[in-house]
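Colleague: I am new to this structure. Please take me through a close look at a single part, and then show how other parts compare in their surroundings.

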Amino acid sequence: MGTTLNLGVKQKKYDIVDLDGNVLGQFSFNPSDTNLKQRYKEVSKELNDISSLMEKKKQENPDFDELDIYDSIVYEKINYLLAADVAKHFFSIMGPFSLLEDGGFFFESVLSGLGNLIMEEMEKRKSKTEEKIKKHTEKYRA
């Protein structure tokens, strides 16, 4: 076996819960990735376009049922967003285009939840970095 390289990167685990707090699954990804915000914007736009296309197809043909094509796109985009193989953890609970009580698709709820999680993690890290900078620059502020 060759020499290993430890990059100091750690995957963080998150529970997937329902509205009652029941744990439905778990996934992990690296929340330190600075490219998350940009990928989130990109994926949100692309999946919103898919959602609109799906609605149009359903209106044109109420019997439209080619979800497999769109399912695979949603899986691919969610995995790309988090740079990890995580879509299977969400969509083993229910399919991406399952309709929720509010009329939205399940994948929209997943995407929104991930967006909130990404922003929360970025804010935590930003605060820690600011504290560290403040600590190291305090002596120069006199």
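Modeller: A patch here is made of residues with over 30% relative accessible area and no salt bridge, and nonpolar side chains are joined within 5 Å. Keep in mind that this is a predicted model. By that rule, L5, L7 and V9 form a nonpolar patch on the surface. Together, the accessible area of L5, L7 and V9 is about 360 Å². Take V9 from this patch. V9 sits in the segment before β1 (12-17). Its relative accessibility is 52%, so V9 counts as exposed. The cut-off for exposed is over 50%.

Now turn to P31. This residue is in the loop between β2 (23-29) and α1 (36-60). P31 has 2% relative accessibility, so it counts as buried. The cut-off for buried is under 20%. What does P31 touch, leaving out residues up to four places away in sequence? The contacts are K10, K12, Y14, L36, E121 and R125. One of them, K12, falls within the range given for β1 (12-17). Another, L36, falls within the range given for α1 (36-60). M119 is 88 residues from P31 along the chain. Yet the C-alpha atoms of P31 and M119 are separated by 9.5 Å.

The relative accessible area of S51 is 6%, so S51 is buried. Leaving out residues up to four places away in sequence, S51 touches F105, F107 and E108.

To recap: V9 is exposed, whereas P31 is buried and S51 is buried.

Conventions
Residues numbered from 1 in each chain as written. Predicted model: local features only at pLDDT ≥ 70, side-chain atom pairs only at ≥ 80, totals over all residues. Heavy atoms only, no water. Helix = DSSP H or I, 4+ residues; strand = E, 2+ residues; numbered from the N terminus. Buried < 20%, exposed > 50% of the residue type's maximum accessible area, 1.4 Å probe, protein only. Contact = heavy atoms within 4.5 Å. Patch = residues over 30% accessible without salt bridge, like charges linked within 9 Å, V, L, I, M, F, W, Y side chains within 5 Å. Areas by Shrake-Rupley, 256 points an atom, 1.4 Å probe, with all protein chains shown as cover. Salt bridge = Lys/Arg side-chain N within 4 Å of Asp/Glu carboxyl O.
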